[in-house]
Each structure stands twice: as C-alpha cells, then as structure tokens.
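Q: Hi! Could you walk me through this model before I set anything up?

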Amino acid sequence: MPPTRSSGTCPAMRPSRPDPRPRRRGLARLAAALGAAVLLAAPFAAGAQQKGGSITVGLETDVTGFDAVAGGVLGQTGEIVMRTIQEPLLDFDPDTKEVKPLLATAWEANEDLTQYTFTLREGVKFHDGTEFTAEDVAAHYNRILDPEQKSRSRSFISVIQGAEALDRYTVRFTLAHPWGAFLPYLAATSMSGPIPPRAHVEAGGQNRHPIGTGPFEFVSWLGGDRIVVKRFEDYWAKDEIHLDEVVFRILPDTQTRFASLKSGEVDVIWTDRGQTIVNAQKDPDIVSLKTEGAGAEIILLNARNAPLDDVRVRQALAHAFNQPAAVKIIWQDTKPVVSSPMGDSRDCGEAKLRGYDPKAAKALVEDYGKPIRLSMVHTATPRGREIGELIQQMSKAVGIEVELIPVDQGTLIKRTFGREFDIVGWRIADAVDVGPQLYALARSDSSYNLTGYSSPEFDDLAHRMRTAKDVDERFELQCEIVAEMNDQATMLYWGGGAFYAFTTPRVKGVPPPYRGAVDVTRAWVEE
C-alpha cells in the first residue's frame with residue numbers, strides 16, 4: 001500500500017474512515033433542518049460583501065486564557081474568540097465531514113498509518129511579524145504531550161508520540177498506533193489545535209496576550225468586560241476578511257445579552273437558554289442559526305468520594321433524575337433527550353441508561369441503609385442554578401440530600417479538574433468522533449478521568465476502541481463504553497447536541513455554530 005497523500009479536500013477519517021454517519025443531503029436538507037432564517041445568514045456572492053466596519057459579539061463568560069497549558073480549557077466562549085486569533089493545521093467542513101488544507105497544504109501517511117508528514121503553507125506570518133514554521137508546530141504539540149506540563153489537552157491526543165520539524169516547512173507526527181480521529185483533531189479549534197508562536201509561548205505571553213496566524217490580532221482584554229481584536233493586515237488570506245474589528249462583550253446575564261441583541265447594542269450572541277431560543281426564533285428581526293451534532297450536557301458523579309464510591313448511591317441518583325423533565329424545563333425542548341453522546345454517528349439504543357424510576361431509586365437508597373448527603377458544584381448562572389435546583393429536588397424526593405455550591409466558571413473548572421466535587425455539571429463536546437473524549441473519561445491512567453470510575457476491564461475496552469482500525473468496530477466499542485458508564489451511573493445526561501446562535505440582520509456571512517462555537521471570521525456588515 002503506497003503512502004496516502006492529500007493536497008486538497010480529504011475525508012476526515014481517510015484512510016480509516018473517521019465519520020460513518022450519513023452525510024447531510026445537500027443544501028435542501030440543511031435548509032429544512034435549520035429553517036429559512038439560516039439561509040438569510042449564508043454567505044452572499046462576493047460582489048455583495050462589504051469591507052470595513054465592526055461587530056460586537058455577546059458572550060456568556062470570560063475566557064480563562066489562551067495558553068494551551070496555563071489556559072486549561074477554552075469552552076465555547078473561548079473557542080469563539082480563539083477562532084479569530086489562532087488557526088490549526090487543518091480546516092474542517094461540518095457539512096461534508098471532510099478535512100481541508102489550512103496552515104498545512106498537503107500531507108501523506110506511511111503504510112501502517114503511524115506517521116503523517118505535513119507540508120506547511122509558506123509565507124504565513126504571526127501577528128508579531130515572525131514567520132510560521134514547522135518549529136512552531138512541533139513545539140506546540142510536544143509541549144502539550146509533555147507529562148511535566150500537565151496540559152488538560154494531553155489525554156485527548158496522547159496517541160501522538162511526538163512531532164518533529166524536518167525542515168522549515170515540513171513537520172512529521174508519529175503515532176503510537178493508527179488513529180482514526182487524528183486528522184479531525186488537527187482541525188480542532190479547541191485548545192490543542194490552534195498554533196501559537198514558539199518564542200511568545202516560551203516568553204510566557206500567550207495566555208493573556210495571544211498571538212496567532214489568524215485573520216484578527218489581539219488588541220486588548222478588560223477582564224470580565226470585553227476582548228477586542230482588529231483585522232490583521234498581513235493575514236495570508238486577507239482578501240477573505242471584511243471586518244475591521246470585532247468586540248467580544250462579556251454579558252453573563254442571558255436576558256441582558258438577548259436585550260442587547262434586540263436593541264442593536266450587540267450583533268451576535270450565542271446562547272443555550274431555552275426560553276431565549278424560543279423567543280428569538282419567533283422574532284422576525286433576528287436571524288436564527290442552528291446546528292445539531294454529537295456531544296451532550298452531562299452531570300459527573302465523583303466515584304472517588306464516599307458515598308458515591310458505592311454504585312448503589314450513584315444508581316439511585318441516576319434513577320431519581322428525570323432527563324425529559326430537565327430538558328423541558330431548562331432547554332424548553334430545544335435539545336434532544338439522549339442515552340449517549342454519539343449523536344447521529346451511531347445509534348447505541350438505550351445503552352443501559354438508568355432512566356427515571358423513583359421507585360427503583362428509593363429501593364437503592366433503602367438498601368444502602370445510611371443517610372446520603374452530597375454537594376453539587378454549579379455555575380452561578382441561571383442555567384447552573386436551574387440544573388442544581390432540579391438535581392436537589394429530584395434527589396430529595398428519593399431521600400438524598402444535596403447541598404448546592406454556586407461558583408464562577410473558572411472556579412468550577414478548577415474544582416472539577418482538582419476532583420473537589422461530588423456532583424458537577426460538565427459537557428461532552430460535539431465532535432466528528434467523540435471517541436477521544438470517551439477514552440479520556442474512561443481510562444484509569446487519564447488525567448481527564450473526572451469521575452474516578454475505573455477497572456482493568458474498562459481500561460481494556462477503552463484501549464480496544466482507540467486502536468480499532470475498522471470504523472464500525474470502533475463505534476460499536478464506543479457504545480459499549482457508554483453502556484458501562486450508564487450502568488455504573490458515573491454521569492447523567494441532561495440534553496444532547498443542539499446549538500444556537502443569533503444575529504442582527506445587518507450581519508452577514510456567519511455560518512451555523514458548528515460545535516456550538518460561533519465563527520465570525522468571514523462575517524461582514526450590510527449597512
């Protein structure tokens with residue numbers, strides 16, 4: 001078998017087929033799924049695109065940082081900003097499920113698919129004027145992979161053994177074994193994908209003053225208030241960029257964010273608040289954007305802590321939780337009820353989900369035989385308070401006491417990674433392949449095993465899933481991982497992958513929010 005080479009659009013899992021889910025059947029199906037409002041936001045012909053102007057994007061939370069180690073995790077807010085400043089090696093088309101050239105223009109794999117060699121785009125500059133080279137790529141990935149750095153992204157990409165700069169514009173990745181999710185992960189705009197300049201990272205400046213190759217360069221960051229970026233005049237694809245400036249406003253209150261959109265104070269918002277989504281979709285003066293995908297909103301149960309180290313207590317919580325009611329109350333049915341985070345990539349069936357059954361929950365509590373007192377850490381947002389109160393009320397109904405601990409987003413992330421919680425809200429992100437996230441959540445040797453549940457058999461199952469060469473086998477093994485998590489009640493689901501964003505009519509060229517992150521890099525304004 002000769003090396004596999006690509007210099008153009010490439011199926012995301014080629015040659016090991018990363019995404020077996022049916023492709024959407026063209027624009028007609030997309031229009032039916034998203035509605036006519038989405039078509040209004042589709043890019044117009046080149047002649048209609050106007051240069052100049054500024055837009056304001058309303059965000060729910062501030063960004064924790066942009067450094068791949070010090071910044072921790074981006075979340076959807078951080079990813080929205082990151083997409084304007086930094087770029088990954090590859091691009092990903094969510095409609096065709098294909099990876100495409102971006103900072104890398106071509107790539108080839110060896111016969112056993114354990115080495116990939118990438119040719120980089122020449123003449124690309126970072127915002128500080130330095131040239132983008134293979135040394136920057138290798139340094140970025142090797143830093144994430146270094147166990148001493150304790151990067152929270154490492155568990156997701158640890159199949160990569162290392163990256164090596166072969167010359168100024170050629171970089172080679174070596175994998176521990178063939179990995180179907182490799183190319184899609186090089187297109188990720190979460191923390192591991194976008195490439196920063198090596199020197200700036202080593203100088204310690206990237207976290208609060210990010211530099212990248214993206215279409216906009218960082219201007220200022222007033223914590224808790226706004227981040228401002230301006231058009232990068234030396235961007236390698238500058239003809240595609242229209243706006244002069246993007247202002248990201250931090251507006252934690254959903255009603256304030258929505259009111260600011262209606263008044264024109266902001267031009268674009270992301271939200272997952274059910275009532276806001278319903279109201280916005282009814283408003284003829286607001287353009288609605290929607291995508292459906294994989295991933296899920298989840299509740300993590302920490303099996304390291306007593307009494308959650310007893311499976312009966314976790315299972316009692318699972319049977320006490322009414323997901324359909326939570327989806328209706330919190331999301332107003334704008335998200336689906338799910339039994340797995342697989343989306344339409346694979347139907348896992350019920351996957352041993354312990355659904356709402358208060359009688360079974362009470363029997364498990366009685367069998368445990370001791371008082372059960374727990375705490376839940378949640379964000380001090382309306383969404384966080386709502387899910388906390390629902391967990392508290394539903395648990396109380398079966399004899400379990402839950403204390404609520406509201407915190408800011410940064411503290412929640414810190415406490416989750418520090419395992420300082422009994423119950424906490426989390427998310428499995430939308431992805432063409434959620435396998436890397438399932439692996440990281442499952443393995444006992446993973447820094448991302450946040451629930452603490454493990455067994456030799458579960459470790460083996462995760463390993464077999466990750467190393468499976470056949471796509472159907474890999475997805476079937478992912479369903480087995482999900483079934484074990486459901487049966488052991490290490491996490492609860494409170495809604496699947498459906499994502500929404502809204503714009504004013506003057507803003508054009510904003511695509512539906514793939515992975516829940518709004519992309520305004522190619523937007524323009526029509527005055």
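A: Happy to. A word on domains to begin with: their bounds come from an automatic or database domain assignment. On that basis the protein is divided into domain 1 (54-286 + 504-525) and domain 2 (291-498).

Q: What should I know about the model and its numbering?
A: This is a predicted model, where local features need pLDDT of at least 70 and side-chain atom pairs count only at pLDDT 80 or more, while totals for chains, interfaces and linings use all residues. Residues are numbered from 1 along each chain as its sequence is written, and side-chain values use heavy atoms, with hydrogens and water left out.

Q: Thanks! How far apart are the C-alpha centres of domain 1 and domain 2?
A: They lie 28 Å apart.

Q: And how many residues are in contact there?
A: 30 residues of domain 1 are in contact with 31 residues of domain 2, where contact means heavy atoms within 4.5 Å.

Q: How much area do domain 1 and domain 2 bury between them?
A: About 2,600 Å², with 58% of it on carbon and sulfur atoms. Buried area here is the accessible area (1.4 Å probe) that two parts lose on being put together, summed over both.

Q: Nice. How many salt bridges are there between domain 1 and domain 2?
A: Four, taking a salt bridge as a side-chain nitrogen of Lys or Arg within 4 Å of a carboxyl oxygen of Asp or Glu. By this rule the count comes to 32 salt bridges.

Q: Which residue does Arg 383 meet in a salt bridge?
A: Its partner is Glu 60, at 3.0 Å, N to O. Arg 383 lies in helix α13 (residues 382-396) and Glu 60 in the loop between β3 (54-59) and α3 (75-85), so the pair ties together parts that are 323 residues apart in sequence. Helices (H or I, at least four residues) and strands (E, at least two) are DSSP runs, numbered from the N terminus.

Q: What about polar contact between domain 1 and domain 2?
A: There are 10 residue pairs in polar contact, both residues at pLDDT 80 or more. That term means a pair of N or O atoms within 3.5 Å; within protein, one must be able to donate a hydrogen and the other to accept it, and residues adjacent in sequence count only if both atoms are side-chain atoms.

Q: Which helices supply the side of domain 1 that touches domain 2?
A: α5 (154-157), α6 (182-186) and α9 (274-282) each supply at least two residues. α9 gives the most, with four residues.

Q: New topic: which peptide bond is cis?
A: The one from Ala 306 to Pro 307 is, with omega near 5°. Pro 307 sits in the loop between β14 (287-301) and α10 (311-320).
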